[in-house]
Amino acid sequence: MKLPGTLMLVSAISIGLCAQTLTLRDSIAKTLAHHPDVKTFMLRIQQAEQGYNVAYADYLPQIDLSATYNPTKTYVLPVNGMFHTVEDSGWGAGATLHQKVWDFAKTSALVDASKADEDIARLSLGEVKALLAYKVKSLYELLVVQREAIRVREKDLEAKKAFYAQSRALVKQGLKTNADTNRFLSSVYVAENNLAIAKASFEKAKTSLSLYMGIPLRSDIKLQGHVLKKNFHLHRGTEHEILESNYKVKMDRLNVQKNRLLHQSAKSAQFGSIDLVASYDRFDTLNKYNSDYVGISYNVPLYTGGRMSAQEQQAKIGRMIAQEQEASDTLALQEELRALLIDIKRYGQTIKARKAQLISAKSTQKVQTARYKEGLATYIEVLDSISVTLNAELGVLEAYYSRSLALDRIDYLKGKI
């Protein structure tokens, strides 16, 4: 009977520990569900959909109702070769239907342009999600680095406190001078300050991530340390893959298409439109009568004060700007990617070098510590060896973090979350 209770207790403890673990995937998912930028771009998609509905409405019949009432109106009537006037009230009411038959593809171009706007809005949502995911990855990995930096700084502080205590004992024995204790005490203060800086940096990153996710995070939250040492494979087709999948480049292409359609619509406007017109009116002005009409009208703008030609030129320039913007963004993307690839290759070499430096520094520190105890080394040599080891440990962390950020940036350029 005791075994089930023990298992329940172990399960409860395990659940509690799991509940304190924050994974990178959870961080991204909560941010995308909470961040106002995502909600803003979702609303922009709805706005673009309504813009499409507005443009498409020109395909459908347009019905207008009209009504007039004149409480007093003067009517002129010929009677026996003379004109007589009559004061009377009058009213009229009717309905008019307009159906566009053909406008030389002006409306269809506007509808297609609004559809491109809708697609651009959807791509913008994907872009902002990928960007937020990249920022969350950066913050999460910074938390991992700062957590590890805190551990390294704590070990450094403990070591320097131990040397300070040891130097005091050696001074009492007459084996060391007060210079040793004062220098070790100074190094303790420096280590305490560096530890405080590391803890503050951790809290800043945690606060930022908490705001992104919309939930509070505890200082003892468990993190996935392996995210810094991710596996990666870069191939020759990486640049082509990014140019095909990057959200910004896709939006640029659609923007070029949209401006081309707007230019086409502006050119078509000068040819006018053919409309089907039907109307029915009821009048009561001295006499009551009905009036109806069904026919086809063709309206051509002859003079608009140069407005139509200016609109056409404006649309043409907009298309040219969109084309140049696409070329500029593509160039900037290629430049950033190639710089990232160079950095990633360099970080690989840096990691190897700093790992070797760390092994050597630890070995040197061990020797110097033993020599100091035997009176064969000075406190300066000991502190130098500790400093080199500390810098080597933090250097390895920094290199892993920098490489991880570069890889995350490539994922962002690919549009990956």
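**A tour from the sheet to the cores**

Select Lys 100 first: its bridge partner is Asp 275 in strand 3. This is a predicted model, in which local features need pLDDT of at least 70, side-chain atom pairs count only at pLDDT 80 or more, and totals for chains, interfaces and linings use all residues. Residues are numbered from 1 along each chain as its sequence is written, and side-chain values use heavy atoms, with hydrogens and water left out.

Next, display strand 2 (residues 82-102) and strand 3 (residues 273-285), which pair in the antiparallel sense over twelve bridges. Pairing requires at least two bridges found by DSSP; helices (H or I, at least four residues) and strands (E, at least two) are DSSP runs, numbered from the N terminus. Now show the whole open sheet, whose four strands follow the order 1-2-3-4 with antiparallel pairing. Strand 1 (62-79) and strand 4 (287-299) stand at the edges with a single partner strand each, so one side of each has no neighbour in the sheet.

Move to Tyr 59, in the loop between helix 3 (36-56) and strand 1. Leaving aside neighbours within four places in sequence, Tyr 59 is in contact (heavy atoms within 4.5 Å) with Gln 99, Thr 107, Ser 108 and Val 111.

Finally, select Leu 22, Tyr 140, Leu 209 and Leu 223, which touch the most other members of the largest nonpolar core, a group of 41 residues. Such a core is a set of buried Ala, Val, Leu, Ile, Met, Phe, Trp, Tyr and Cys residues joined through side-chain atoms within 4.5 Å, where buried means under 20% relative accessible area (1.4 Å probe, protein chains only). Helix 4 gives the largest share of this core, 13 residues.

Technical notes
Buried means under 20% relative accessible area, exposed over 50%, partly exposed in between (1.4 Å probe, protein chains only).
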